[in-house]
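I opened this notebook page to keep a record of what I looked up in the model, entry by entry.

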Amino acid sequence: MLMARSEEIAEQAIRAEDVALVAKHAFAVAQAFHSYYQKPRYSLLYAESEDLRACRTLLVDAFVRQMEVLLGLLGIPVPGRM
């Protein structure tokens, strides 16, 4: 749900001339994803079916792309590996 609000947050940041709104949003998205992904029942490794594994893979990919966009707006380079 947070990722779906990114465009709205970016527009708010532009109107308010407050880049911190984007930074706070990026942090909230990262925290939410971390909280979700740390639960073994949501892990790719423990997916009960290939369909579920594919769905979880799409979610991870969406998160990575969203963070690339948000960090790009902030002028922060995305590391190739962490």
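I took a salt bridge to be a side-chain nitrogen of Lys or Arg within 4 Å of a carboxyl oxygen of Asp or Glu, and with that rule I found that the structure holds 3 salt bridges. I note that this is a predicted model, in which local features need pLDDT of at least 70 and side-chain atom pairs count only at pLDDT 80 or more, while totals for chains, interfaces and linings use all residues. Residues are numbered from 1 along each chain as its sequence is written, and side-chain values use heavy atoms, with hydrogens and water left out.

**Entry: salt bridges**

For exposure I used relative accessible area, with buried under 20%, exposed over 50% and partly exposed in between (1.4 Å probe, protein chains only). For helices I used DSSP runs (H or I, at least four residues), numbered from the N terminus.

I looked up Glu8 and found that it forms a salt bridge with Arg5, the closest N and O atoms being 3.1 Å apart. Glu8 is partly exposed at 37%, and Arg5 is partly exposed at 34%.

I then turned to helix H3 (50-74), where Glu50 and Arg53, 3 residues apart, are separated by about one helical turn. Their side chains meet in a salt bridge of 3.6 Å, N to O; Glu50 counts as exposed because its relative accessibility is 59%, whereas Arg53 is partly exposed at 29%.

Asp61 and Arg65 also both lie in helix H3, 4 residues apart, about one turn of the helix, and their side chains meet in a salt bridge at 2.4 Å, N to O. Asp61 counts as partly exposed at 33%, and Arg65 as exposed at 51%.

**Entry: the faces of H1**

Which residues of helix H1 (residues 6-16) are buried? I listed Ser6, Ile9, Ala10 and Ala13. Seen down the axis of H1, these buried residues fall within an arc of 100 degrees (taken over the directions from the helix axis to the C-beta atoms), so they line one face of the helix. They pack against helix H2 (20-37) and H3, where contact means heavy atoms within 4.5 Å. On the other side of H1, Glu7 and Arg15 are exposed. Just after H1, I noted that Glu17 takes a positive phi of about 50 degrees.

**Entry: aromatic rings**

I paired rings of Phe, Tyr and Trp (its six-membered ring) if their centres lie within 6.5 Å, calling planes under 30 degrees apart stacked, over 60 edge-to-face and the rest tilted. By this rule the count comes to 3 aromatic pairs. The rings of Phe33 and Tyr36 have their centres 6.4 Å apart and their planes at 40 degrees, so I recorded the pair as tilted. Both residues lie in helix H2, 3 residues apart, about one turn of the helix; Phe33 counts as buried at 17%, while Tyr36 is partly exposed at 23%.

Phe33 and Phe63 form an aromatic pair that is stacked, 4.0 Å centre to centre with 5 degrees between the planes. Phe33 lies in helix H2 and Phe63 in helix H3, so the pair ties together parts that are 30 residues apart in sequence, and both residues are buried. I noted that Phe33, Tyr36, Tyr37 and Phe63 form one aromatic cluster.

**Entry: Arg81**

Arg81 lies in the segment after helix H3 and is exposed, with a relative accessible area of 76%. From Ser6, Arg81 is 75 residues away in sequence and 24 Å away in space, C-alpha to C-alpha.

How values were computed
Helix = DSSP H or I, 4+ residues; strand = E, 2+ residues; numbered from the N terminus.
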